[in-house]
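Subject: A structure to look through

Dear colleague,

I am passing on a structure that I have been reading through, and I would be glad if you kept it open beside this message.

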Amino acid sequence: MSETNTIDSLWYTRCPVPTPLGLAARQGWFDDEFRGDGLTLRTLQDTADPALRESHYDHRLPASFRQGGNVPAIWARARGADTRVIGLNWVDEAQLILARPDSGLRGPADLAGKRIGVPVHGNSIDHQRASALRGITVALEVGGLQVKDVTLIDLAVPARPATTGWNAAGGSYATEFEALETGKVDVIFTKGARGLQAAVERGAHILYDLRSHPDPRKRANNGAPRPITVDAALIAARPDLVVRFLRRIVDIGAWAKAHAEETVAYIARESGSTDDWVRRAYGADIHLQQGTDLAPAWVEALSGYKDFLLEWGFITADFDVQAWIDPAPLAEVRRQLERAAA
(Lines give C-alpha, C1' and ligand atoms only; values in the text may rest on other atoms or scores of the structure.)
Protein backbone atom coordinates (compact mmCIF):
# COMPACT_ATOMS: atom_id res chain seq x y z
CA MET A 1 0.00 0.00 0.00
CA SER A 2 1.39 3.38 -0.95
CA GLU A 3 2.02 5.98 1.71
CA THR A 4 -0.60 8.29 0.24
CA ASN A 5 -3.27 5.65 0.93
CA THR A 6 -2.33 4.85 4.52
CA ILE A 7 -4.51 7.61 6.00
CA ASP A 8 -8.17 6.70 5.64
CA SER A 9 -9.69 8.85 8.38
CA LEU A 10 -9.12 12.09 10.25
CA TRP A 11 -10.27 12.88 13.78
CA TYR A 12 -10.80 16.29 15.30
CA THR A 13 -12.00 17.65 18.63
CA ARG A 14 -12.53 21.01 20.22
CA CYS A 15 -13.71 22.40 23.55
CA PRO A 16 -17.14 24.07 23.99
CA VAL A 17 -15.58 27.51 23.77
CA PRO A 18 -14.80 30.00 20.99
CA THR A 19 -12.31 28.34 18.64
CA PRO A 20 -11.74 28.84 14.92
CA LEU A 21 -11.73 25.05 14.57
CA GLY A 22 -15.17 24.88 16.16
CA LEU A 23 -16.52 27.59 13.87
CA ALA A 24 -15.14 25.85 10.78
CA ALA A 25 -16.67 22.57 11.94
CA ARG A 26 -20.09 24.18 12.50
CA GLN A 27 -19.87 25.68 9.02
CA GLY A 28 -19.24 22.20 7.58
CA TRP A 29 -15.98 23.31 6.03
CA PHE A 30 -13.99 20.20 6.92
CA ASP A 31 -16.65 17.97 5.37
CA ASP A 32 -16.58 20.14 2.26
CA GLU A 33 -12.78 20.09 2.08
CA PHE A 34 -12.33 16.33 2.29
CA ARG A 35 -15.54 15.06 0.69
CA GLY A 36 -13.80 13.94 -2.48
CA ASP A 37 -10.80 12.30 -0.82
CA GLY A 38 -12.33 9.03 0.33
CA LEU A 39 -11.47 9.98 3.92
CA THR A 40 -13.76 9.46 6.88
CA LEU A 41 -13.94 12.63 8.96
CA ARG A 42 -14.79 12.00 12.60
CA THR A 43 -15.24 14.21 15.64
CA LEU A 44 -15.04 13.22 19.28
CA GLN A 45 -18.14 15.33 19.90
CA ASP A 46 -20.16 12.60 18.15
CA THR A 47 -19.08 9.68 20.33
CA ALA A 48 -19.84 8.58 23.87
CA ASP A 49 -17.07 5.94 23.86
CA PRO A 50 -14.93 6.89 26.90
CA ALA A 51 -11.79 5.34 25.40
CA LEU A 52 -12.11 7.48 22.29
CA ARG A 53 -13.15 10.61 24.18
CA GLU A 54 -10.02 10.35 26.29
CA SER A 55 -8.09 11.49 23.22
CA HIS A 56 -9.52 14.96 23.88
CA TYR A 57 -7.11 15.00 26.82
CA ASP A 58 -4.21 12.71 25.92
CA HIS A 59 -4.28 13.00 22.11
CA ARG A 60 -4.06 9.22 21.77
CA LEU A 61 -5.83 8.96 18.42
CA PRO A 62 -3.64 8.98 15.31
CA ALA A 63 -4.36 11.40 12.48
CA SER A 64 -6.14 13.75 14.87
CA PHE A 65 -6.42 17.50 15.41
CA ARG A 66 -7.41 19.33 18.58
CA GLN A 67 -8.11 22.93 19.52
CA GLY A 68 -9.28 24.07 22.92
CA GLY A 69 -7.93 24.71 26.36
CA ASN A 70 -4.16 24.46 26.47
CA VAL A 71 -3.89 22.53 29.76
CA PRO A 72 -4.73 19.11 28.25
CA ALA A 73 -2.51 19.81 25.24
CA ILE A 74 0.42 20.76 27.48
CA TRP A 75 -0.25 17.80 29.80
CA ALA A 76 -0.31 15.35 26.90
CA ARG A 77 2.95 16.70 25.50
CA ALA A 78 4.63 16.56 28.93
CA ARG A 79 3.60 12.89 29.19
CA GLY A 80 5.25 12.11 25.88
CA ALA A 81 2.51 12.56 23.29
CA ASP A 82 4.29 13.27 20.01
CA THR A 83 2.23 16.27 19.00
CA ARG A 84 3.00 19.59 17.37
CA VAL A 85 1.39 23.01 17.72
CA ILE A 86 0.58 24.36 14.26
CA GLY A 87 -1.41 27.45 15.26
CA LEU A 88 -2.68 29.51 18.17
CA ASN A 89 -5.77 31.62 18.77
CA TRP A 90 -6.15 34.22 21.51
CA VAL A 91 -9.50 35.36 22.89
CA ASP A 92 -9.48 37.26 26.18
CA GLU A 93 -12.41 36.01 28.21
CA ALA A 94 -14.01 36.93 31.52
CA GLN A 95 -11.89 35.45 34.34
CA LEU A 96 -13.70 36.36 37.51
CA ILE A 97 -12.78 36.41 41.18
CA LEU A 98 -16.14 36.40 42.96
CA ALA A 99 -17.41 37.01 46.50
CA ARG A 100 -20.80 37.36 48.16
CA PRO A 101 -22.27 40.85 47.76
CA ASP A 102 -22.37 41.31 51.53
CA SER A 103 -18.78 40.16 52.07
CA GLY A 104 -17.26 43.60 52.29
CA LEU A 105 -14.53 42.49 49.90
CA ARG A 106 -13.88 45.04 47.18
CA GLY A 107 -10.62 44.06 45.51
CA PRO A 108 -7.67 41.63 45.44
CA ALA A 109 -5.94 43.36 48.35
CA ASP A 110 -8.88 42.31 50.57
CA LEU A 111 -8.23 38.59 50.04
CA ALA A 112 -5.73 38.24 52.90
CA GLY A 113 -6.88 35.57 55.34
CA LYS A 114 -9.82 34.50 53.17
CA ARG A 115 -10.94 31.01 52.18
CA ILE A 116 -10.80 30.52 48.43
CA GLY A 117 -12.64 27.62 46.82
CA VAL A 118 -10.75 25.57 44.23
CA PRO A 119 -12.60 22.85 42.28
CA VAL A 120 -11.45 19.25 42.12
CA HIS A 121 -12.60 17.16 39.16
CA GLY A 122 -12.00 13.52 38.27
CA ASN A 123 -10.65 14.20 34.78
CA SER A 124 -7.35 12.77 33.65
CA ILE A 125 -6.05 16.31 33.87
CA ASP A 126 -8.01 18.80 35.97
CA HIS A 127 -7.90 21.77 33.60
CA GLN A 128 -10.65 23.61 35.48
CA ARG A 129 -8.68 23.44 38.72
CA ALA A 130 -5.60 24.68 36.87
CA SER A 131 -7.66 27.54 35.45
CA ALA A 132 -9.00 28.53 38.86
CA LEU A 133 -5.59 28.39 40.52
CA ARG A 134 -4.11 30.56 37.81
CA GLY A 135 -6.82 33.17 38.23
CA ILE A 136 -6.45 33.10 41.99
CA THR A 137 -2.67 33.42 42.01
CA VAL A 138 -2.70 36.31 39.55
CA ALA A 139 -5.38 38.12 41.57
CA LEU A 140 -3.37 37.63 44.76
CA GLU A 141 -0.30 39.06 43.04
CA VAL A 142 -2.33 42.09 41.94
CA GLY A 143 -3.32 42.59 45.57
CA GLY A 144 0.28 42.33 46.79
CA LEU A 145 -0.41 38.92 48.35
CA GLN A 146 0.80 35.32 48.03
CA VAL A 147 -0.91 31.95 48.31
CA LYS A 148 0.39 31.60 51.85
CA ASP A 149 -1.76 34.59 52.78
CA VAL A 150 -5.02 32.73 52.05
CA THR A 151 -6.54 29.29 52.65
CA LEU A 152 -7.33 27.18 49.59
CA ILE A 153 -10.40 24.97 50.07
CA ASP A 154 -10.86 21.97 47.76
CA LEU A 155 -14.38 21.64 46.34
CA ALA A 156 -15.16 18.19 44.92
CA VAL A 157 -17.26 18.56 41.77
CA PRO A 158 -19.53 15.56 40.98
CA ALA A 159 -18.72 13.70 37.79
CA ARG A 160 -21.11 14.01 34.87
CA PRO A 161 -22.26 10.97 32.86
CA ALA A 162 -20.65 10.54 29.46
CA THR A 163 -22.85 11.59 26.56
CA THR A 164 -22.27 12.66 23.00
CA GLY A 165 -21.31 16.28 22.71
CA TRP A 166 -19.93 18.33 25.58
CA ASN A 167 -22.35 18.91 28.43
CA ALA A 168 -22.87 22.66 28.84
CA ALA A 169 -23.80 22.09 32.49
CA GLY A 170 -20.09 21.64 33.10
CA GLY A 171 -19.70 25.39 33.00
CA SER A 172 -22.44 26.22 35.49
CA TYR A 173 -20.10 26.23 38.52
CA ALA A 174 -22.90 24.91 40.73
CA THR A 175 -20.53 23.37 43.27
CA GLU A 176 -18.50 26.56 43.61
CA PHE A 177 -21.56 28.78 44.00
CA GLU A 178 -23.08 26.47 46.59
CA ALA A 179 -19.87 26.70 48.63
CA LEU A 180 -19.83 30.48 48.26
CA GLU A 181 -23.47 31.04 49.10
CA THR A 182 -23.46 28.71 52.12
CA GLY A 183 -20.37 30.37 53.56
CA LYS A 184 -18.05 27.41 53.13
CA VAL A 185 -15.69 29.69 51.21
CA ASP A 186 -15.32 33.44 50.81
CA VAL A 187 -14.21 33.56 47.18
CA ILE A 188 -14.51 31.47 43.99
CA PHE A 189 -13.33 31.69 40.38
CA THR A 190 -15.42 31.41 37.20
CA LYS A 191 -14.73 32.20 33.59
CA GLY A 192 -16.25 32.43 30.14
CA ALA A 193 -19.81 33.12 29.06
CA ARG A 194 -21.43 30.61 31.38
CA GLY A 195 -19.25 31.70 34.30
CA LEU A 196 -20.14 35.35 33.80
CA GLN A 197 -23.83 34.60 33.37
CA ALA A 198 -23.90 32.55 36.57
CA ALA A 199 -22.09 35.30 38.47
CA VAL A 200 -24.52 38.00 37.37
CA GLU A 201 -27.69 35.95 37.74
CA ARG A 202 -26.70 34.74 41.22
CA GLY A 203 -25.79 38.25 42.34
CA ALA A 204 -22.12 37.60 43.09
CA HIS A 205 -19.76 40.53 43.55
CA ILE A 206 -16.93 40.66 41.00
CA LEU A 207 -13.77 41.44 42.94
CA TYR A 208 -11.52 41.28 39.93
CA ASP A 209 -11.64 40.31 36.25
CA LEU A 210 -8.27 39.16 34.92
CA ARG A 211 -9.21 40.61 31.53
CA SER A 212 -8.27 43.98 32.99
CA HIS A 213 -4.68 42.93 33.69
CA PRO A 214 -2.38 44.89 31.35
CA ASP A 215 0.12 42.03 30.86
CA PRO A 216 -1.08 39.32 28.44
CA ARG A 217 1.36 36.89 30.04
CA LYS A 218 -0.67 37.19 33.24
CA ARG A 219 -3.97 36.88 31.37
CA ALA A 220 -2.75 33.62 29.84
CA ASN A 221 -4.71 30.70 31.21
CA ASN A 222 -6.27 27.48 30.00
CA GLY A 223 -8.35 29.56 27.58
CA ALA A 224 -5.62 31.72 26.05
CA PRO A 225 -3.79 31.02 23.93
CA ARG A 226 -5.69 28.01 22.57
CA PRO A 227 -3.38 25.77 20.52
CA ILE A 228 -4.17 23.71 17.45
CA THR A 229 -2.31 20.44 17.93
CA VAL A 230 -1.82 17.51 15.60
CA ASP A 231 0.16 14.31 15.95
CA ALA A 232 3.62 14.63 14.45
CA ALA A 233 3.25 11.36 12.53
CA LEU A 234 0.48 12.87 10.41
CA ILE A 235 2.64 15.88 9.56
CA ALA A 236 5.43 13.53 8.50
CA ALA A 237 3.21 11.17 6.49
CA ARG A 238 0.70 13.59 4.97
CA PRO A 239 1.70 17.24 5.34
CA ASP A 240 -0.77 18.05 2.57
CA LEU A 241 -3.71 16.93 4.70
CA VAL A 242 -2.45 18.95 7.65
CA VAL A 243 -2.11 22.08 5.51
CA ARG A 244 -5.58 21.64 4.03
CA PHE A 245 -7.17 21.14 7.45
CA LEU A 246 -5.33 24.15 8.85
CA ARG A 247 -6.25 26.25 5.82
CA ARG A 248 -9.94 25.89 6.65
CA ILE A 249 -9.26 27.03 10.23
CA VAL A 250 -7.31 30.04 8.97
CA ASP A 251 -10.03 30.85 6.43
CA ILE A 252 -12.67 31.06 9.17
CA GLY A 253 -10.88 34.12 10.57
CA ALA A 254 -11.62 36.13 7.45
CA TRP A 255 -15.16 34.76 7.26
CA ALA A 256 -15.84 35.73 10.88
CA LYS A 257 -14.71 39.32 10.31
CA ALA A 258 -17.38 39.69 7.65
CA HIS A 259 -20.10 37.81 9.55
CA ALA A 260 -20.27 39.26 13.05
CA GLU A 261 -23.79 38.16 13.99
CA GLU A 262 -23.39 34.66 12.56
CA THR A 263 -20.08 34.26 14.39
CA VAL A 264 -21.59 35.23 17.74
CA ALA A 265 -24.52 32.88 17.15
CA TYR A 266 -22.18 29.99 16.31
CA ILE A 267 -20.10 30.62 19.42
CA ALA A 268 -23.23 30.78 21.58
CA ARG A 269 -24.32 27.37 20.33
CA GLU A 270 -20.80 25.99 20.63
CA SER A 271 -20.48 27.15 24.24
CA GLY A 272 -24.03 26.45 25.41
CA SER A 273 -24.70 30.15 25.96
CA THR A 274 -26.55 33.06 24.34
CA ASP A 275 -25.47 35.80 21.98
CA ASP A 276 -25.65 38.45 24.70
CA TRP A 277 -23.52 36.55 27.21
CA VAL A 278 -21.00 35.69 24.50
CA ARG A 279 -20.51 39.38 23.72
CA ARG A 280 -20.28 40.28 27.40
CA ALA A 281 -17.81 37.51 28.25
CA TYR A 282 -15.59 37.61 25.17
CA GLY A 283 -16.07 41.14 23.88
CA ALA A 284 -18.25 42.78 21.27
CA ASP A 285 -15.39 42.28 18.79
CA ILE A 286 -15.27 38.51 19.25
CA HIS A 287 -15.81 38.09 15.50
CA LEU A 288 -12.49 39.89 14.94
CA GLN A 289 -10.64 37.51 17.27
CA GLN A 290 -10.92 34.29 15.27
CA GLY A 291 -7.53 34.50 13.60
CA THR A 292 -4.77 31.90 13.73
CA ASP A 293 -1.17 32.89 14.37
CA LEU A 294 2.10 31.83 15.95
CA ALA A 295 2.96 35.31 17.21
CA PRO A 296 6.07 35.31 19.43
CA ALA A 297 4.15 37.01 22.26
CA TRP A 298 1.53 34.26 22.19
CA VAL A 299 4.20 31.56 22.20
CA GLU A 300 5.90 33.27 25.14
CA ALA A 301 2.61 33.37 27.05
CA LEU A 302 2.00 29.68 26.33
CA SER A 303 5.47 28.84 27.60
CA GLY A 304 4.91 30.88 30.74
CA TYR A 305 1.67 29.07 31.45
CA LYS A 306 3.42 25.75 30.93
CA ASP A 307 5.87 26.85 33.63
CA PHE A 308 2.92 27.59 35.93
CA LEU A 309 1.52 24.09 35.38
CA LEU A 310 4.92 22.60 36.17
CA GLU A 311 5.26 24.68 39.33
CA TRP A 312 1.85 23.55 40.58
CA GLY A 313 2.35 19.89 39.71
CA PHE A 314 -0.19 19.59 36.90
CA ILE A 315 2.67 18.33 34.76
CA THR A 316 5.75 16.55 36.11
CA ALA A 317 8.09 16.80 33.12
CA ASP A 318 9.33 20.00 31.53
CA PHE A 319 9.71 20.58 27.79
CA ASP A 320 10.60 23.36 25.37
CA VAL A 321 7.45 25.00 24.03
CA GLN A 322 9.33 26.54 21.11
CA ALA A 323 10.47 23.07 20.02
CA TRP A 324 6.85 21.89 20.31
CA ILE A 325 5.80 24.28 17.55
CA ASP A 326 5.97 23.38 13.87
CA PRO A 327 5.57 26.59 11.87
CA ALA A 328 5.73 24.91 8.46
CA PRO A 329 2.01 24.18 7.92
CA LEU A 330 0.94 27.73 8.78
CA ALA A 331 3.72 29.15 6.62
CA GLU A 332 2.46 27.07 3.69
CA VAL A 333 -1.12 28.23 4.27
CA ARG A 334 0.06 31.82 4.19
CA ARG A 335 1.98 31.22 0.96
CA GLN A 336 -1.19 29.83 -0.58
CA LEU A 337 -3.17 32.85 0.52
CA GLU A 338 -0.56 35.22 -0.88
CA ARG A 339 -0.57 33.42 -4.21
CA ALA A 340 -4.37 33.52 -4.33
CA ALA A 341 -4.35 37.27 -3.63
CA ALA A 342 -1.70 38.05 -6.26
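A nonpolar core is a set of buried Ala, Val, Leu, Ile, Met, Phe, Trp, Tyr and Cys residues joined through side-chain atoms within 4.5 Å, where buried means under 20% relative accessible area, exposed means over 50%, and partly exposed lies in between (1.4 Å probe, protein chains only). Please note that this is a predicted model, in which local features need pLDDT of at least 70 and side-chain atom pairs count only at pLDDT 80 or more, while totals for chains, interfaces and linings use all residues. Residues are numbered from 1 along each chain as its sequence is written, and side-chain values use heavy atoms, with hydrogens and water left out.

The largest nonpolar core holds 96 residues, and those that touch the most other members are Leu 10, Phe 65, Ile 97, Phe 177 and Leu 309. Helix α11 gives the most to this core, with 10 residues; helices (H or I, at least four residues) and strands (E, at least two) are DSSP runs, numbered from the N terminus. If residues up to four places away in sequence are not counted, Leu 10 touches, among others, Phe 34, Leu 39, Phe 65, Leu 234 and Leu 241, contact meaning heavy atoms within 4.5 Å.

Helix α11 (residues 239-258) also packs with helix α16 (residues 328-341), at an angle of about 65° and with the axes 9 Å apart. The axes are lines fitted to C-alpha atoms, for helices over the stretch in contact, and angles run from 0 to 180 degrees between N-to-C directions. The two helices, α11 and α16, are therefore roughly perpendicular to each other, a term that covers 65 to 115 degrees, whereas angles under 35 count as roughly parallel, over 145 as roughly antiparallel and the rest as oblique. The contact is made by residues including Val 242, Leu 246 and Val 250 of α11 and Pro 329, Leu 330 and Val 333 of α16.

Leu 246, which is found in α11, is buried, with a relative accessible area of 0%. Leaving aside neighbours within four places in sequence, Leu 246 is in contact with Ile 86, Ile 228, Thr 292, Pro 329, Leu 330 and Val 333.

Finally, helix α8 (residues 192-201) is mostly covered, since eight of its 10 residues are buried. After α8 comes Gly 203, whose phi is positive, near 70°.

With best wishes
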